[in-house]
Amino acid sequence: MNPRTSLFAAAAALLLIPGHSFACATCGCSLSTDAAMGFAPDSGWRLSLQYDYIDQNQLRSGGSAVSPSQVAALNPDAGQEVENRTVNRTTTLGISYSPNADWNFKALIPYVDSGHTTYGAATNPLSADELSGVSATGLGDVKLMVGYQGLLPNHGLGLQLGLKLPTGAYGSGPDANGNNVGRGYALFGSGPNQGSPLDASLQPGTGSTDLLLGAYYDQAVSQDFDAFVSGQFQAALKHRLDQPGSDYRPGNNATLSFGMRYEADPALVPQLQININRKSADQGFLADTAGTAGTVAYLSPGLTARVAANVSLFGFVQLPVYNRLAGTQLFPHWTATVGASVSF
């Protein structure tokens, strides 16, 4: 593998954003920028900044689109919640250090800026007076990861281990006793839900400490093409909302990615990935267990450009090609990721 394709030590290596409640449990960023840029980084320090944009603006159930009026009609007597839109903007600072070609240590520090609107217990037909809105901003859950790629002489096979820490605001309510629980959680600022907490899995953090396990294999298949396959599993080891009647545990999440890079010109490297994400349902009294599971596949073309000897830019678009969602969830038509890095 051409070492010049490793100018960017991906800040979001196999990044798995915690699942988002009813608004889409399985549409977080599943892109593997680490794989796209090359898994074996040069030794030294790297700083990176990545921006992910996800606009969840269509309702889907199973593998099909559904209209808001169809959802509102599901429970017309008691009122059926109808999600309207969720826009997630996440900016991630990556700090990476490789003492040599075998080891890599990194911290991923996300800042979350999201907006969410819902009709709550809606009538049918829907009325604009029922719409509630909330903005959730702040530090997300920090990830610390270590990678070892010394298993083969070409560093094409590697293992990854990490932790996601409960640094972001988390919580929801009411619990079984009618109380709101958590720390720094976002509240609805408008509409009938004003003053009520946002759903637990739409908060900037989940309140859980998660284990991250990953592995990859990267191989040149011709003079100009490299191919890769990678996977990661994420599961909560401990969750702070752990009391009966006020508990919340995010569902396990697994991602499989594979694809190719075209490296005829190391200064301009196009690539194509397929990213498959599978998430199990969130658990607990505060969880939406019916609408937080599913399987999603994305086709993700991208491009990396080296603009200086130690500076690179990149951009990707993720296009959903398959989804099978539990319950009714908001889902994006596309997602976008851009970023930059500098090594020294």
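Colleague: With which strands does β10 pair, and in which sense?

Modeller: This is a predicted model, in which local features need pLDDT of at least 70 and side-chain atom pairs count only at pLDDT 80 or more, whereas totals for chains, interfaces and linings use all residues. Residues are numbered from 1 along each chain as its sequence is written, and side-chain values use heavy atoms, with hydrogens and water left out.

Strand β10 covers residues 208–220 and pairs with strand β7, residues 157–164, in the antiparallel sense over eight bridges. Helices (H or I, at least four residues) and strands (E, at least two) are DSSP runs, numbered from the N terminus, and two strands pair if DSSP finds at least two bridges between them. Four residues lie between β10 and β11, which form a hairpin. In a regular strand the side chains alternate between the two faces of the sheet.

Leu159 also belongs to a nonpolar surface patch, together with Leu151, Leu152, Tyr217, Val229, Leu256 and Phe258; the accessible area of the patch is about 560 Å². Patches are made of residues with over 30% relative accessible area and no salt bridge, like charges being joined within 9 Å and nonpolar side chains (Val, Leu, Ile, Met, Phe, Trp, Tyr) within 5 Å. A salt bridge is a side-chain nitrogen of Lys or Arg within 4 Å of a carboxyl oxygen of Asp or Glu. Accessible areas come from the Shrake-Rupley method with a 1.4 Å probe, and for residues only the protein chains shown count as cover. Leu256 counts as partly exposed because its relative accessibility is 40%; buried means under 20% relative accessible area, exposed over 50%, and partly exposed in between (1.4 Å probe, protein chains only).

The aromatic pairs come next. There are six in the structure; rings of Phe, Tyr and Trp (its six-membered ring) pair if their centres lie within 6.5 Å, and planes under 30 degrees apart count as stacked, over 60 as edge-to-face and the rest as tilted. One of them, Tyr53 with Trp334, is tilted, at 5.9 Å centre to centre and 35° between the planes. Tyr53 lies in strand β1 (residues 44–62) and Trp334 in strand β15 (residues 311–343), so this pair ties together parts that are 281 residues apart in sequence. Another tilted pair, Phe225 and Tyr262, has 4.9 Å centre to centre and 45° between the planes. Because Phe225 lies in β11 and Tyr262 in β12, the pair ties together parts that are 37 residues apart in sequence. Phe225 is partly exposed at 33% relative accessibility, and Tyr262 is partly exposed at 34%.

Finally, the setting of the whole chain: the secondary structure comes to two helices and 15 strands, and 52% of the 344 residues count as buried. The protein chain exposes about 13,500 Å², of which carbon and sulfur atoms supply 60%.
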